Amino acid sequence: MNGTQDGSQHESDGEFYAQLLRAYFNSANDAIFVLCNELKFLSCNRRMESWLGVAESDLTRHNCRRPITDLVGNADTAILFERAVRDVLDGEAQHFECLLEPPGASQRWVEINMTRVDVEAGEMVIAVARDVTERREQMARIFYQSTHDSLTGLPNRASLQDYLETHNAQDGPLAVLAIDVPRFRDVNEALGHNLADEVLKAITDGLEDIARQYRDTRVFRLAGDQFVIVSKGVAAECWKEISGSVQHWLAMPLKQSGIELTLGSKIGVSLYPSHVSRPGELVQAAEAALHAAKRDAATGMEMYYPELLASGGERLVLLNDLRQAIEDKSIEVYLQPIVPLHGQGLVRLEALARWNHPGRGMVSPEHFIALAESSGQILALTWLVIGRALAQAAPLLHEQRIESVSINLSPYCLLDAGFTMKFATMIASYGIEPMSVMLEITESIAMSERMQQYTVLSLRELGVELSIDDFGTGHSSLSKLRQLPVTELKIDRSFVTNMLNDENDEAIVIATIQLAHSMGLDIVAEGIEDAEVLQRLSELNCDYAQGRHICDALPIERLREWLDTKKRPGRVA
Ligand code: C2E
Ligand code: MG
Ligand code: MG
């Protein structure tokens, strides 16, 4: 009797505590739920019911229990749950944050703690989840404010630096355009801050419109009237086009509150990996170039070169010296042999510009060509080089000692509608057949403006041969490449020189040789510095070879000596 009394006392105690526990369970601010090892619900509290928009009785109904992964509403969270439950069952308590997006309820970020409980019926996972949506949103707001400019909504300098620093070499090249609006200060003073703010927003819209036309191209605002455009990968190759569009757009009058303003622009450009070894250094380099562009009234766009960071006034001096050197015709042309690796063909020559500066010695062509391009002197320089190259090559061609002469063209030359006519007259005056001249153009022209392609076509019609130089460093679309009437690809020396020590380089060389041959094009490898690479290229069926191991670029007299001593130049045993 007593026993029964005690028993029912215990039972009612148990029931009381169960009810208490249930009430406690349901009143918690946190969601609490219990899952079996198949991630199906064994129990959950009210909070969890409301978060999922499903009643506990439905979640736990016999034969209808569903795994939580079916209810969370996104694949990432489902994967997180699967992994966490597995690890918990292996004895490791779990803590993680995830996004719940249940079909029947609002979405929220939750922080979850999970532990394993072993009971007679087996192992279970108990999870306690807390709503952290507000904290997340607050953090996102703070993050947004610290990384964006409040006036224009553009990402700021901190974001820019972060964006560049997280860029890896495998992500491809980068181009940074630092843009300054010279007349903005006047606008600010004349029209007041409110209107100036509107002008800044209009500039932002215009720059964003331009950026939208290119993939992976973004606009940042660093300060006041200073903007930056960053292009990645294929778009980085289009930096000239982008810079041209910005200059063109900012040169047009802008209508703001009934007033017409012409703002103008100055642009500094830096490229990775051509100019800097780490993407994080691009902004400083572009700003140094911008600084130089701002100092020179005649320059709208300036490209980075190392001396810029070292000394500011240098560029102007060098620019003047270059102008003088072109005028005095003191830019020389050296010739470098390109030898056939198979068959009996004659040696060919590439004309390479050389500037022996009176005070500095030899200036790298990459440097002074870029200087000439950015200061509008490239056409004059090119005609000087063409004249010298033809004058030196003509006798060798007439003596049938060489097959042809290759000349490098800057993309700017092809924007000149009269280029082909002038070129035709020039070769005729030296008695040179068009087919004895090869013009080297860079890969980016394949992707370039119509005018350039028109000039390319007219040159081909004239009968000169065309070659794509530095192949592999740009991003060619094969279909466009097919449309270009070229006869040869020159694989860039950066892949060739070290190809025996770098599997990737060798793979690129092999693929490029195959590609060229499949398109019926000849292939030239440049930058050959040792016999082993030369031998390997010959085995790979490369058609022509160029590099220091064979012969450096030489002044014409020394080149003649080289030709004299080589009975069959370039034959590889
Ligand atoms: P490029 O047209 O690809 O010329 C080949 C470059 O490789 C030349 O550099 C040549 O001297 C160099 N080279 C030759 N053999 C070797 C070698 O074994 N190892 C290495 N590491 N390099 C080798 P250079 O003369 O310094 O010219 C650099 C670039 O400047 C040229 O590259 C071309 O893009 C440009 N350039 C030179 N002359 C002219 C010109 O008259 N007009 C234009 N638009 N660009 C020119
Ligand atoms: Mg070349
Ligand atoms: Mg090259």
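Start by selecting glutamate 56 and arginine 22: the two form a salt bridge, with their closest N and O atoms 2.6 Å apart. Glutamate 56 belongs to helix α3 (residues 56-60) and arginine 22 to helix α1 (residues 2-27), so the link joins distant parts of the chain, 34 residues apart. Glutamate 56 has a relative accessible area of 15% and is buried, whereas arginine 22, at 33%, is partly exposed. Keep in mind throughout that this is a predicted model.

Next, colour the chain by domain. The domain assignment gives domain 1 (15-135), domain 2 (151-305) and domain 3 (313-565). The centres of domain 2 and domain 3, taken over C-alpha atoms, are separated by 32 Å.

Now select serine 265, in the loop between β10 (259-261) and β11 (266-272). Is serine 265 buried or exposed? Its relative accessibility is 14%, and buried means under 20%, so serine 265 counts as buried. Leaving out residues up to four places away in sequence, serine 265 touches Asp180, Pro182, Val246, Gln247, Leu250 and Gly300.

Move on to strand β13 (residues 331-340). Nine of the 10 residues in this strand are buried. Show strand β14 (residues 348-357) as well: β13 and β14 pair in the antiparallel sense over eight bridges. Which residue of β14 is the bridge partner of leucine 335? It is alanine 351. β13 also pairs with strand β21 (residues 544-545), again in the antiparallel sense, over two bridges. There, proline 340 has tyrosine 544 as its bridge partner.

The last stops are salt bridges. Side chains of opposite charge can pair when their charged atoms come close. The count for this model comes to 30 salt bridges.

Select aspartate 564 and arginine 401, whose side chains meet in a salt bridge at 2.7 Å, N to O. Aspartate 564 lies in helix α20 (residues 556-565) and arginine 401 in the loop between α13 (378-398) and β16 (405-408), so the pair ties together parts 163 residues apart in sequence. Aspartate 564 is exposed at 51% relative accessible area, while arginine 401 is partly exposed at 24%.

Then select arginine 548 and glutamate 529, which form a salt bridge at 3.7 Å, N to O. Arginine 548 sits in the loop between β21 and α20, and glutamate 529 in the loop between β20 (522-525) and α19 (531-539), 19 residues apart. Arginine 548 is exposed, at 57%, and glutamate 529 is partly exposed, at 43%.

Finish with Glu97, Glu111, Arg135 and Arg136, which are joined into one network by salt bridges that share partners.

Key: Residues numbered from 1 in each chain as written. Chains lettered and ligands numbered in written order. Predicted model: local features only at pLDDT ≥ 70, side-chain atom pairs only at ≥ 80, totals over all residues. Heavy atoms only, no water. Domains from an automatic or database assignment. Buried < 20%, exposed > 50% of the residue type's maximum accessible area, 1.4 Å probe, protein only. Helix = DSSP H or I, 4+ residues; strand = E, 2+ residues; numbered from the N terminus. Pairing = 2+ DSSP bridges. Contact = heavy atoms within 4.5 Å. Salt bridge = Lys/Arg side-chain N within 4 Å of Asp/Glu carboxyl O.
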